[in-house]
Amino acid sequence: MNKPQPKSAKDPAARDFETWSKLWPSETPGKSAPLLKALHILTREGTLNADSRRKLTQVLHLTQMLRPALTDLLKDDASPVLADVGAGKSYLGFILYDLIFGPAGRGSVTGIETREPLVESSRALAASSGFDRMSFIAAPIAEATLPGGKADMVTALHACDTATDDAIRFALKHEAKVIALVPCCQAEVARLLDGQTGPLRQLWRHPIQRREFGAHVTNVIRGLVLEAHGYKVRVTEFTGLEHTMKNELILAERHQRGNAQARGELNRLIDQLGVKPALLDVMPA
Ligand SMILES: C[S@@+](CC[C@H](N)C(=O)[O-])C[C@H]1O[C@@H](n2cnc3c(N)ncnc32)[C@H](O)[C@@H]1O
């Protein structure tokens, strides 16, 4: 006769619960299961597959990197506001609410996303999760303004092409204390460099190198623009599992009103390259 097996050996969801609940930094990981299923971080059956394991690792890594800044905001402000722009399914906002603002009992999250159906499904998920301090705006980032013009932290995770620049403009307009950007594909600077001469032209002569160099320069310029606006900028790896061009986390924390030295460095770089991306419109003349 077969020996009765322990429940976890028979039930894949129970077996995988033992794995992910140990990693999920919550006192009540079981309560997060419906949310994680809805965000495809767990399968519909509550199990892990290769894709969901990758997402789980990504999300945990990002939460770990953003937690200190969010904890500081909670110390300084009774109701800190996080805006997640180019939000997609708003999975970052949901996770940060579930793990940080939810347990704190304060702090709100607003997702901004152009695609109406995604916004509708995020509203439904927030309602079914009881996340009453989450809201969503269906609009382009450039047209969105939060109540009172306040966004203490702005996140933009893989916001396509120049949407990351819109995120920077949005953050500056709302005087965000913290900005976390993981840029996506970038084409504007490569386009501007095409045919551009000058002493550095060998760096972008070949199209594939122009594309990569253009994306790299774009992020360097974004970092300098933020420094020039008084932010302290750290650039680190987002996660080891992503493609390198989409693997850069630019984390900026405001610590002064402006930085003339960074502004000078930015001007010098722009002169050397001979290109002016549209983001420079945030620099005072
Ligand atoms: C690659 S997805 C990333 C979504 C999400 N942040 C994530 O990491 O899962 C980029 C999202 O940004 C949205 N988006 C792109 N440009 C936008 C803009 N200018 N304003 C608002 N949303 C935008 C797209 O509709 C898409 O859902």
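**Figure 1. Strands S6 and S7 of the predicted model.** In S7, Ala 252 is the bridge partner of Val 233. Strand S6 and strand S7 (residues 248–254) run antiparallel and are joined by seven bridges. Strands are DSSP runs of E with at least two residues, helices are runs of H or I with at least four, and both are numbered from the N terminus. The model is predicted: local features need pLDDT of at least 70 and side-chain atom pairs count only at pLDDT 80 or more, while totals for chains, interfaces and linings use all residues. Residues are numbered from 1 along each chain as its sequence is written.

Figure 2. Seven strands, in the order S3-S2-S1-S4-S5-S7-S6, form an open sheet with mixed pairing; two strands pair if DSSP finds at least two bridges between them. Strand S3 (134–138) and strand S6 (231–237) are the edge strands, each pairing on one side only. From one strand to the next, the twist averages 15°. Helix H5 lies across strand S1 (81–85), S2, S3 and strand S4 (153–157), and runs at about 175° to S2. Helix H6 packs on the sheet and touches S2 and S3, its direction making about 170° with that of S3. Axes are lines fitted to C-alpha atoms, for helices over the stretch in contact, and angles run from 0 to 180 degrees between N-to-C directions. Two residues are in contact if their C-beta atoms, placed from the backbone, lie within 7 Å.

Figure 3. The ligand is surrounded by 17 residues, of which Gly 86, Gly 88, Ile 141, Leu 157 and Ala 163 are the closest. A residue is near a molecule or strand if its C-beta atom, placed from the backbone, lies within 6 Å of it. Strand S2 (108–113) and helix H7 (163–173) each supply at least two residues of this shell. The shell comprises 10 nonpolar, four polar and three charged residues. Ala, Val, Leu, Ile, Met, Phe, Trp, Tyr, Cys and Pro count as nonpolar, Asp, Glu, Lys and Arg as charged, and the others, Gly among them, as polar.

**Figure 4. The buried side of helix H3.** Ser 32, Leu 35 and Leu 36 are buried in helix H3 (residues 29–38). These residues lie on the same side of H3 because they cover an arc of only 100° around the axis; the arc is that of the directions from the helix axis to the C-beta atoms. Helix H5 (91–104) and helix H6 (116–129) are among the elements covering them. A residue is buried if 20 or more other C-beta atoms, placed from the backbone, lie within 10 Å of its own, exposed if 12 or fewer, and partly exposed in between.

Figure 5. Most residues other than glycine have a negative phi. His 40, in the loop between H3 and helix H4 (50–76), takes a positive phi of about 60°. His 40 counts as partly exposed because it has 14 C-beta neighbours inside 10 Å. Ser 90 occupies the loop between S1 and H5 and has a positive phi of about 65°. With 26 other C-beta atoms within 10 Å, Ser 90 is buried.

**Figure 6. Helix H7 and its surroundings.** The buried residues of H7 include Phe 170 and Ile 168. They pack against S1, S4, strand S5 (178–182) and helix H9 (207–228). After H7 comes Glu 175, with a positive phi near 50°.
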